[in-house]
Amino acid sequence: MSTVLLNRVKQFLKALETLQEATLGLFEQKRRAVTAADHDDMLRLADVEAELSQRMKAALGARREILLEARKSGHAADSIRELVTSIAGDERDALGVRIEASRQRSERIRRESWVQWVISQRANTYYNELLELIAYSGKKAPVYSDRPGAPMGGGTILDASA
């Protein structure tokens with residue numbers, strides 16, 4: 001049974017490595033599209049991202065199945081790393097290196113995802129401020145006062161002295 005589990009772990013790691021590399025490539029493309037303000041490319045990449053997200057969820061399910069199968073066969077492991085430590089024998093070190101590389105790629109994906117989320121949130125904020133400036137000809141503050149008759153300030157983008 002350990003050989004079957006070990007083969008499943010190897011298959012899982014290969015699929016995960018491929019998926020992580022594809023995700024990192026996608027994030028590079030998204031960054032270029034955002035920098036170039038290429039709306040069509042961003043829409044195309046959103047579809048690719050949704051597909052990669054589904055594949056990542058499937059990989060997470062495969063991981064869960066491997067760990068459940070390991071528990072049923074008497075290998076109590078809460079992670080793929082622990083499972084490899086208990087069943088890999090001579091291949092333990094090589095698989096450990098692959099697992100660590102996967103963890104590092106995962107961290108890069110997490111960091112890049114966060115950066116792109118922050119960029120999109122800030123862009124959305126600036127877009128909304130510009131819309132308000134245009135809509136009210138700069139006569140109303142982008143943040144409304146709860147006191148009627150309170151003096152109105154200029155937009156925060158154009159008037160930093162307020």
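Author: K30 is buried, at a relative accessible area of 19%. Buried means under 20% relative accessible area, exposed means over 50%, and partly exposed is in between (1.4 Å probe, protein chains only). Accessible areas come from the Shrake-Rupley method with a 1.4 Å probe, and for residues only the protein chains shown count as cover.

The model is predicted: local features need pLDDT of at least 70, side-chain atom pairs count only at pLDDT 80 or more, and totals for chains, interfaces and linings use all residues. Residues are numbered from 1 along each chain as its sequence is written, and side-chain values use heavy atoms, with hydrogens and water left out.

K30 has a partner. It forms a salt bridge with E49, and the closest N and O atoms are 3.0 Å apart. K30 lies in helix α1 and E49 in helix α2, so the pair ties together parts that are 19 residues apart in sequence. E49 is partly exposed, at 28% relative accessible area. A salt bridge here is a side-chain nitrogen of Lys or Arg within 4 Å of a carboxyl oxygen of Asp or Glu. Helices are DSSP runs (H or I, at least four residues), numbered from the N terminus. By the salt-bridge rule, the count comes to 14.

Now stay with α2, residues 39-72. R44 pairs with D41, with the closest N and O atoms 2.7 Å apart. The two sit three residues apart in α2, about one helical turn. R44 is partly exposed, at 42% relative accessibility.

R55 and E51 also meet in a salt bridge, 3.7 Å from N to O. Both lie in α2, four residues apart, about one turn of the helix. R55 is partly exposed, with a relative accessible area of 35%. E51 is partly exposed too, with 40%.

There is also a network: salt bridges link R8, E65 and E69.

M42 is partly exposed, at 30% relative accessible area. With V34 and I119, M42 makes a nonpolar surface patch of about 210 Å². Patches take residues with over 30% relative accessible area and no salt bridge; like charges are joined within 9 Å, and nonpolar side chains (Val, Leu, Ile, Met, Phe, Trp, Tyr) within 5 Å.

Last, α4. Residues buried in α4 include L95, I99, R105 and E112. Among what covers the buried residues of α4 are α1 (2-35) and α3 (80-87), by contact (heavy atoms within 4.5 Å). After α4 comes S137, with a positive phi near 50 degrees.
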